[in-house]
Amino acid sequence: MSVITPSRADADAGTTSPPVATGTPQLWIDGAFLPADASCLPATTHALHYGSGVFEGIRSYATDDGGTAVFRLPEHLERMQRGARLLGISLDVDHVSDIVLQVLRRNRHRDAYIRPLAWLGVGSMGLDVTALSQHLMVATMTPAVHLGGASIRLGVSGWRRNPATSLPPLKLCGAYVNSLLAKHEVAARGFEEALFVDASGHVVECTGANVFMVQGDRITAVEHPDALAGITAATLLEVTGAQSRAVTLDELRDADEVFVCGTAAEVAPVSRLEDRAYAGSKVGNEVASLYRRIVRGNAPAYRHWLTHA
Ligand code: PMP
């Protein structure tokens, strides 16, 4: 069931669509292309009230051979599918993958942030969701969301991360209220990003990024059961040979360097953690530049991670 009233965009539904000529981005929603700012959801949408949806944050890049490629698209959509299953939403990875490529082409986006979202719609206000309508949309937009690759100042949040025993670390919409509380709290103290620490003093992750530290020439990825299994972190583990283990806040403070990573943040060196200033980010900058080469198709050994649009 569709919650939208498709307009003439209907004509394009499910077809390979031509790129739009003007700068107005369009998104795909339940089989039709609509302007990205179209207002089309009923106010009784279940996900709006309860956060009953799942999303992904994916990036595409203009590659150095003149093409456009999505970085690790199957991995992102498989993670989304795991979250969808928990909510009882059916999601076909190949179908969503095809739509992602269609939306990119239609918007003529090359360096883009890609946002697929699947959610529960209308039918009931109750918490038994089996009879609710299910929906899917894919939007693409020019990047510069989140940390944007800059050097950042981290504040330690007073909020705890959602424990995995209560909310699995997947990209479930409602779970992100936890992230925005933390970000809001540290922003008031002048920090760009919040760091979650658990009750025993172990580092979890940031609101939208995983954490790495450098000690001498050793790179360590912070491992924690409540943290999202980041695709960027998995990428860096594979290409740098870093080790992953539990890390305390004290260790992170004492490290030579700290950097965070995520699809939107890419690899962002940390200049300060509360009152601790890091002297430099030599390793972080090297890793950031390696990551840039990989996502732009400039590292032949890793081209299998690119899906060409
Ligand atoms: N942790 C959280 C809470 C996130 O939202 C993200 C961004 N998806 C990450 C870590 C990094 O994950 P990825 O590298 O897959 O983007």
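**From a buried histidine to the ligand**

Reply: His135 counts as buried, because its relative accessibility is 3%, and buried means under 20% relative accessible area, whereas exposed means over 50% and partly exposed is what falls in between, all with a 1.4 Å probe and counting protein chains only. Before going on, please keep in mind that this is a predicted model, in which local features need pLDDT of at least 70 and side-chain atom pairs count only at pLDDT 80 or more, while totals for chains, interfaces and linings use all residues. Residues are numbered from 1 along each chain as its sequence is written, and side-chain values use heavy atoms, with hydrogens and water left out.

His135 belongs to strand S7, which covers residues 134-141; the names of helices (H or I, at least four residues) and strands (E, at least two residues) refer to DSSP runs, numbered from the N terminus. The side chain of His135 makes a polar contact of 2.7 Å with the side chain of Ser133. A polar contact is a pair of N or O atoms within 3.5 Å; within protein, one atom must be able to donate a hydrogen and the other to accept it, and residues adjacent in sequence count only if both atoms are side-chain atoms.

Gly57 lies in the loop between strand S3 (53-55) and strand S4 (58-62), and it counts as buried because its relative accessibility is 6%.

Which residues come nearest to the ligand? There are 17 residues around the ligand, and those that come nearest are Lys171, Tyr176, Glu205, Thr232 and Thr263; a residue is near a molecule or strand if one of its heavy atoms lies within 4 Å of it. This shell is made up of six nonpolar, seven polar and four charged residues. For that count, Ala, Val, Leu, Ile, Met, Phe, Trp, Tyr, Cys and Pro are taken as nonpolar, Asp, Glu, Lys and Arg as charged, and the others, Gly among them, as polar. Strand S10 (203-206), helix H5 (231-240) and strand S14 (257-262) each supply at least two residues of the shell.

Some of the side chains place polar atoms by the ligand. For Glu205, a polar side-chain atom is 2.6 Å from a nitrogen atom of the ligand; for Arg79, a polar side-chain atom is 2.8 Å from an oxygen atom of the ligand; and for Thr232, an N or O atom of the side chain is 2.6 Å from an oxygen atom of the ligand. The ligand on its own has 390 Å² of accessible area, and the protein covers 96% of it, where accessible areas come from the Shrake-Rupley method with a 1.4 Å probe and, for residues, only the protein chains shown count as cover.

The ligand takes up the space of the largest pocket. A pocket is found on a 1 Å grid over the protein atoms alone, as an open set of points with protein on both sides within 12 Å along at least five of seven lines, and a molecule sits in it if more than half of its atoms lie within 2 Å of its grid points.

Pro300, in the loop between helix H7 (282-295) and strand S17 (306-308), is exposed because its relative accessible area is 56%. The C-alpha atoms of Pro300 and His76 are 21 Å apart in space, with the two residues 224 apart in sequence.

Technical notes: 1 Å grid on protein atoms, 1.4 Å probe; cavity = no way out; pocket = protein on both sides within 12 Å on 5 of 7 lines; lining within 4 Å.
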